[in-house]
Amino acid sequence: TIGRELQVGTILQGSVRKVGNNVRISAQLIDVASQGHLWSEDYDRELTGVFEIQRDMAIRVAQQLKIQMTAGEKRRIDEPRTGNLEAYTLYLRGRSFRNKWTEEGLRKAIAYFEQAIDRDSNYALAYAGMADAYLLLPFVAATTRPMEVYPHVMSAVEQALQHGGSFAAVHTTTASAKLWYAWDWPGAEYSFKQALDLSPNDAAAHRRYAWYLLIMGRLDDAIVVMKRAQELNPLSPAIGKNMGQVFYFARQYDRAIAQFRSTIEMDPTFRTAYSGLVYAYLQKGMYAEALDVCQEMLKHWGRDPQILWDLGYASAVSGKHDQARHVLAELHERAQQTYVKPLASAWILIGLGAQDLAFTWLDQAYTEHDPYLTLLNADPVYDSLRADPRFTTLLKKVGLGQ
């Protein structure tokens with residue numbers, strides 16, 4: 001069943017049992033078609049031997065699959081990520097929280113990555129993880145000011161490159177920083193290609209590269225690359241949601257809706273998939289359905305500014321202008337106590353047809369270097385503004401106009 005769902009021919013199955021300072025790791029390489037074991041091994045070691053076990057397992061599996069490893073692949077297996085078991089454990093905890101795609105999860109992830117770096121100041125992947133978590137904060141938290149987190153991103157990226165330039169994850173994060181923060185399009189593409197050269201089957205690198213292609217207007221290529229990411233990791237809610245977003249930006253709304261629904265079915269707690277569904281419904285003119293999803297988000301997550309953003313825009317586009325204005329006023333009131341993204345106001349005003357006021361807030365978003373502005377060319381939300389010379393000027397300032 002697992003092999004069929006993952007669309008793979010072999011599965012590496014294992015278990016870990018820890019007693020005191022000792023660990024027993026059992027691993028089996030299973031052929032999906034025959035259900036037969038191609039290789040199995042039990043490892044009884046002290047915890048400090050975990051890194052040797054990882055290296056041995058990688059080599060044994062490659063041998064059984066008759067894979068001819070390149071010199072670069074062998075070097076990456078031999079190159080230590082860290083020799084500090086406590087740092088490694090903290091790094092794994094950081095990865096776990098980062099993958100929750102919530103503000104709370106990302107902030108916990110940053111704390112764990114910082115602790116890992118305290119134990120090993122040369123730990124490249126911990127620096128990359130910390131940079132990545134900071135990068136994602138403005139995307140999932142409407143109360144996070146981009147210019148507050150991005151200096152942390154660039155500092156961590158520099159350390160990651162210094163200590164681990166041979167790791168694909170480091171180059172993927174570097175490319176993402178160039179894409180969303182520096183708005184350095186050639187630099188971003190170069191770093192993405194470095195990551196994919198180092199690890200051609202890295203789903204995360206494909207997923208992020210698809211965003212670059214999307215921003216550059218290469219929609220067909222973006223779909224192909226995101227589909228490859230989904231093939232490599234078919235059970236990832238994050239990739240499923242991103243696949244829906246790519247379809248949405250390509251104006252393939254039915255496919256977007258189906259993908260968002262599939263992602264929610266896979267993980268009913270994945271909030272950003274609900275948000276994507278709202279906008280796909282709106283583009284289809286399915287206003288009641290979009291507002292129903294907004295109400296569902298409010299029920300589960302409360303009046304979070306990110307959800308209010310979606311509700312305000314959906315209300316405006318659906319013709320419920322009084323409700324949209326009420327939400328806009330609530331966001332402005334919130335902004336007296338905490339940061340709220342200018343784009344939230346801009347989008348609601350776009351939905352209300354108040355273009356002059358919308359451009360005021362878009363200019364503020366540019367001043368604050370909001371990463372969502374990288375999607376100016378792609379997002380259907382801006383279609384009503386494209387003929388306005390002020391929009392052309394904004395595109396040029398972001399580096400996306402001619």
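Analyst: Start with a definition: angles under 35 degrees count as roughly parallel, over 145 as roughly antiparallel, 65 to 115 as roughly perpendicular and the rest as oblique. This is a predicted model, where local features need pLDDT of at least 70 and side-chain atom pairs count only at pLDDT 80 or more, while totals for chains, interfaces and linings use all residues. Residues are numbered from 1 along each chain as its sequence is written, and side-chain values use heavy atoms, with hydrogens and water left out.

User: At what angle do α15 and α16 pack?

Analyst: In general, two packed helices are described by the angle between their axes and the distance between the axes. Here α15 (residues 287-301) and α16 (residues 305-317) pack at about 160°, with axes 10 Å apart. The axes are lines fitted to C-alpha atoms over the stretch in contact, and angles run from 0 to 180 degrees between N-to-C directions. Helices are DSSP runs (H or I, at least four residues), as are strands (E, at least two), numbered from the N terminus. So α15 and α16 are roughly antiparallel to each other.

User: Which residues in α15 meet α16?

Analyst: Contact means heavy atoms within 4.5 Å. On the α15 side you'll find Tyr287, Leu291, Cys294, Gln295, Met297, Leu298 and Trp301, and these meet α16 residues including Ile307, Leu311 and Ala314.

User: Which residues of the largest nonpolar core touch the most other members?

Analyst: The general idea: in soluble globular proteins, nonpolar side chains tend to be buried together. A nonpolar core is a set of buried Ala, Val, Leu, Ile, Met, Phe, Trp, Tyr and Cys residues joined through side-chain atoms within 4.5 Å. Buried means under 20% relative accessible area, exposed over 50%, partly exposed in between (1.4 Å probe, protein chains only). The largest core has 124 residues, and Leu343, Trp347 and Tyr382 touch the most other members. Helix α6 (residues 124-140) gives the largest share, 14 residues. There's also a second, separate core of 11 residues, with Ile25 and Trp39 among them.

User: Is Trp101 buried or exposed?

Analyst: Trp101 sits in the loop between α4 (85-98) and α5 (103-119), with a positive phi of about 60° although it is not a glycine. Trp101 counts as buried because its relative accessibility is 13%. Gln35 also has a positive phi, about 65°, but Gln35 counts as exposed because its relative accessibility is 59%. Trp101 is also touched by Ala238, which lies in helix α12 (residues 237-249).

Technical notes. Lists of a residue's contacts leave out its neighbours within four places in sequence.
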